[in-house]
Amino acid sequence: MWRYTLVRILSAIPVIAVVGIITFSIIHIAPGDPAAIIGGDEATVEDLQRIRAELGTDQPIHIQFIRWISRLAQGDLGTSIFSRKSITELMAPRLQPTLSLGIQVVLLSTLLGISIGILSAWKAGTPIDRGFMFFAVLGFSAPGFWLAFILIWGLSVNLRWFPALGYSPIGDGLLTHLHSMFLPVAVNSILSSAFISRITRSAMLDVLQEDYVRTARAKGLRELVVFLRHAFRPASIPVVTVIGASMASLATGFVVTESIFAIPGLGRMLIEAIIRRDFPIIQAMMMVVATAYVLINLVIDILYAYLDPRIRY
Amino acid sequence: MRTQQEQPTIRLAPSASMRIRRFFNAFLLITRGNPNVLLGVIILAIILLITIFAPLIVRSDYTQTTTDLRLPPSSEHWFGTDAFGRDVFDRVIAGSRVSLYVGFAVTTISVVLGLIIALFAGYFRILDHVVMRFVDGLLAFPTILLALALIALLGGSVNNVIIALSVTGTASKVRLVRGQVLSLREEQFVEAARAVGSPVWRILFIHIAPNTFGVVIVQATFTLATAILAEASLSFLGAGVPEFIPTWGNIVATGKGYVQVAFWISFFPGVFLTLTVLAVVLIGDALRDYLDPKLRGQFL
């Protein structure tokens, strides 16, 4: 077990290194001077000089890389070109809204997705199952920004149940916070639970054909017990993988919903940086998100090995 | 005359008519197992027809602003007009061309490039390590994040959106096909080909590649679906195709501020977008069930 954990941790290091190389070189792949791209058309020669010095692009490329990596290793994500503040400081207040959104979406979509998946597997082949699965495909097909638009139109403009825009931090009281977050949480949860429910259903249907499930039924156990205790446990393994893998698509969802609902989170910060071509922020964001993704999947892989001894060998 | 026709002939390849019949048989088999696919085929066929005949369907100059601001849907403006008085129906129809073009271009580039890279990476061990670490690194970035960063650098245009989305698309195809190549490499027919002295390109492209097509076709449908959605998201965020070239994503964006007074601006392009992706996903699902019944019910 320790051996597996160690090997798995070591295997994440080259991936993070490659992430670093890609993030660093992205600014150098465009033809021309990065400073000119960032500065735009109206930049003066002095502006360009300043940007070059701030980016360090007036140095040879290997020096730039070494400097960048050693700063990263010390937890310094760089300095924004526009506000000239440290990116770590800029990110700190943006973390809470995004984390809150993330936790709510993961909890809600897992709960919804797994319940719908189990229910569909239970009623497999019936209109209930077909109905749920059709909505699951529909949920996968609808773009997040359009779903957000429909929910705003229905629940906020017409029924006036939820605010269309604006964000109340947890400091304003938990209920106010949850109320202001309802629509963005709903949009992302509908999209990702559609995905989770399909995987749960197919994993359940696979497991239900196993001999031990038949044995459990033959013993006269209630169907509910067979489903939840005997079938769901082994079926949950592929489901957990999917939840881990869906972290990447969650990031996409957050960029879009934070910009629609005016939530001051990391996704909105990224969009603002893209519009201003504030490359140090974009690079910092790439580094943080990709590293988080690698680490989350690392933890999930190791958890698996604990749950399912077959994986270790 | 008759005797000549009855002479035994050796058929090297199935005739065209037989191929068509086989195709229809396969199609019938697919639809019998999964009636949803028929819905998918019909929707996609309609959307493709609309796209092909778009110049004939569009009635107004949708780039021209008029004084008919935010008119609700009527017999004259089927989907209403937007905040600049442009006909939303015409913009949606014209936009279908760009949205589908981006989708198909990204899919083609990712599949072709991904297949070639994966064939070489899966066959040559040394190459494999380098390529796969790079692919792992690329796939650690969410598609939209990498695409946004690339577009911030290259500028928003149809071609740059295609380039940006093809990067992740290719990487995911490489990972998928390379796994197939690794196991196919050990098969006897590859060993046999090597034994008779086939050159490497022949082993890769004639013997190994066709055996990966089943998986690749299924994956290609999901790439098409995600590429259409990703282009729409980028254009919606204002970091994709510029506003003067209508695509479903940026038309939805033009109605963003008018939810209360003119919901039709954003509603209709979204319907087209959702139906198209739905159709592609339904077809992909059915193809996967047909080609590999073991994977039933899982997508991506």
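User: At what angle do the axes of helix 5 of chain B and helix 6 of chain B cross?
Analyst: In this predicted model, the two axes cross at roughly 130° and come within 6 Å. Axes are lines fitted to C-alpha atoms, for helices over the stretch in contact, with angles from 0 to 180 degrees between N-to-C directions. Helices are DSSP runs (H or I, at least four residues), numbered from the N terminus. Residues are numbered from 1 along each chain as its sequence is written, and chains are lettered from A in the order in which they are written. The model being predicted, local features need pLDDT of at least 70 and side-chain atom pairs count only at pLDDT 80 or more, while totals for chains, interfaces and linings use all residues.

User: What makes helix 5 of chain B and helix 6 of chain B oblique to each other?
Analyst: Angles under 35 degrees count as roughly parallel, over 145 as roughly antiparallel, 65 to 115 as roughly perpendicular, and the rest as oblique. At roughly 130°, the two helices are therefore oblique.

User: Which residues meet where helix 5 of chain B packs on helix 6 of chain B?
Analyst: B:I117, B:F120, B:A121 and B:G122 of helix 5 meet B:L127, B:D128, B:V131 and B:M132 of helix 6, contact requiring C-beta atoms, placed from the backbone, within 7 Å.

User: How do you know that the span of helix 6 (residues 125-139) of chain B agrees with what it should be?
Analyst: The expected span is 1.5 Å times one less than the number of residues. The 15 residues of helix 6 of chain B should therefore span 21 Å, and the end C-alpha atoms are 21 Å apart, which agrees.

User: Which residues of helix 6 of chain B are buried, and what covers them?
Analyst: B:V131, B:V135, B:G137, B:L138 and B:L139 are buried. Their cover includes helix 1 (2-29) of chain A, together with helix 5 and helix 8 (158-184) of chain B.

User: How many residues of chain B are in contact with chain A?
Analyst: 38 residues of chain B are in contact with 41 residues of chain A. Helix 6, helix 7 (143-154), helix 10 (200-236) and helix 12 (264-291) of chain B each supply at least two residues of that side of chain B.

Definitions and conventions:
A residue is buried if 20 or more other C-beta atoms lie within 10 Å of its own, exposed if 12 or fewer, and partly exposed in between; C-beta atoms are placed from the backbone. Two residues are in contact if their C-beta atoms, placed from the backbone, lie within 7 Å.
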